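Dear colleague,

I am writing to hand over the structure we discussed. Please find the sequence and the coordinates below, ahead of a short account of what was found.

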Amino acid sequence: MNQYTQNQLKFIKENFKQGERALQQGMFERAEKLFLAIIKIAPDLMDAHQALAFAYSEGKKHELASKQFSHILNFYPNDIQIRMNLGNSLNQQAKFAEAILHYQAALKINPNLIDAYINCAFSYKMLNNFNAAIEQLEKALRIDKENINTLQALGMSYLDLKDYPKALQYLENASTIAPTNPSIKISYALALEKSGLDYEAGVQYLKTCELDPKNPTVWIAYASHLLLSHRYDEAISALLQAKESFENKALIHDMLGDVYSNMGNVEKALEH
């Protein structure tokens, strides 16, 4: 930073400090303004561009974030993290084919990046190329056979292909490795449900609710399972549990209305 005056250096350091604090407080637009002010007087300062890109990402401004990451790549084409961040921003914009190119570029630099394989697989999956997704995940699994994110993604990919035995194989393995992970347990329960193992699925759903009783998502998943077998009273209880901590009250009301309607309780249905 020798090319800057003392006043400019002071300005840059103070804005960085304030910008980082704003990010920590979730004040993303303020952070953007602070980092943009730095870039205005120090346009070649890549740290400021990276901080701005991060602020855009956290603020859900993915198109602006990807432009910043692309700009940085012009100077650091072999920076793996920037490649990954750019791929993630492109995924958020549903630009899956472009995202794949950046994940693959990151893997050329370091072929042991499990997250790159998983994210690349997600992109392929969103393009309905399930076989390519599975190929990426199998490469990741060869690096770490007990990586629960890889096992879960593989299980869900086989579930999409309706290959239930393989889906169960990977998701049961993931559940054994991470028995208290709600996301894994829900995925495993869903695979059991799709395989026609309703009782076993119900046990897994209920275990997940017991593991994470304040998580409305698991109660909604359990309620949806109960509805498949017309266990309406139990489904209502599960939805009422979800309602206590779920922000989207309208969704719960709609689901309760549907349940009461299926039960033939018109009065209760109209209340929701």
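Predicted model: local features only at pLDDT ≥ 70, side-chain atom pairs only at ≥ 80, totals over all residues.

The largest pocket has a volume of about 210 Å³. Three helices each supply at least two residues of its lining: helix 3 (46-58), helix 4 (62-73) and helix 5 (80-92). Helix 5 provides the largest share, with six residues. The residues that line the largest pocket are Gln 50, Phe 54, Ser 57, Glu 58, His 62, Phe 69, Gln 81, Ile 82, Asn 85, Asn 88, Ser 89 and Gln 92. Sorted by class, this lining consists of eight polar, three nonpolar and one charged residues.

Helix 5 also packs against helix 7. Two packed helices are described by the angle between their axes and the distance between the axes. The axes of helix 5 and helix 7 (residues 114-126) come within 11 Å and cross at roughly 20°. Because angles under 35 degrees count as roughly parallel, helix 5 is roughly parallel to helix 7. The crossing of helix 5 with helix 7 is left-handed.

On the side of helix 5, the contact involves Met 84, Asn 88 and Asn 91, which meet Asp 115, Ala 116, Asn 119, Phe 122 and Ser 123 in helix 7. By class, this contact between helix 5 and helix 7 has four polar, three nonpolar and one charged residues.

With kind regards

Technical notes. Residues numbered from 1 in each chain as written. Heavy atoms only, no water. 1 Å grid on protein atoms, 1.4 Å probe; cavity = no way out; pocket = protein on both sides within 12 Å on 5 of 7 lines; lining within 4 Å. Points joined across faces, edges and corners; volume = space filled by probe spheres on them. Helix = DSSP H or I, 4+ residues; strand = E, 2+ residues; numbered from the N terminus. Nonpolar A, V, L, I, M, F, W, Y, C, P; charged D, E, K, R; others polar. Axes fitted to C-alpha atoms, helices over the stretch in contact; angles between N-to-C directions. Parallel < 35°, antiparallel > 145°, perpendicular 65-115°, else oblique. Left-handed = near helix turned anticlockwise from the far one by under 90°. Contact = heavy atoms within 4.5 Å.
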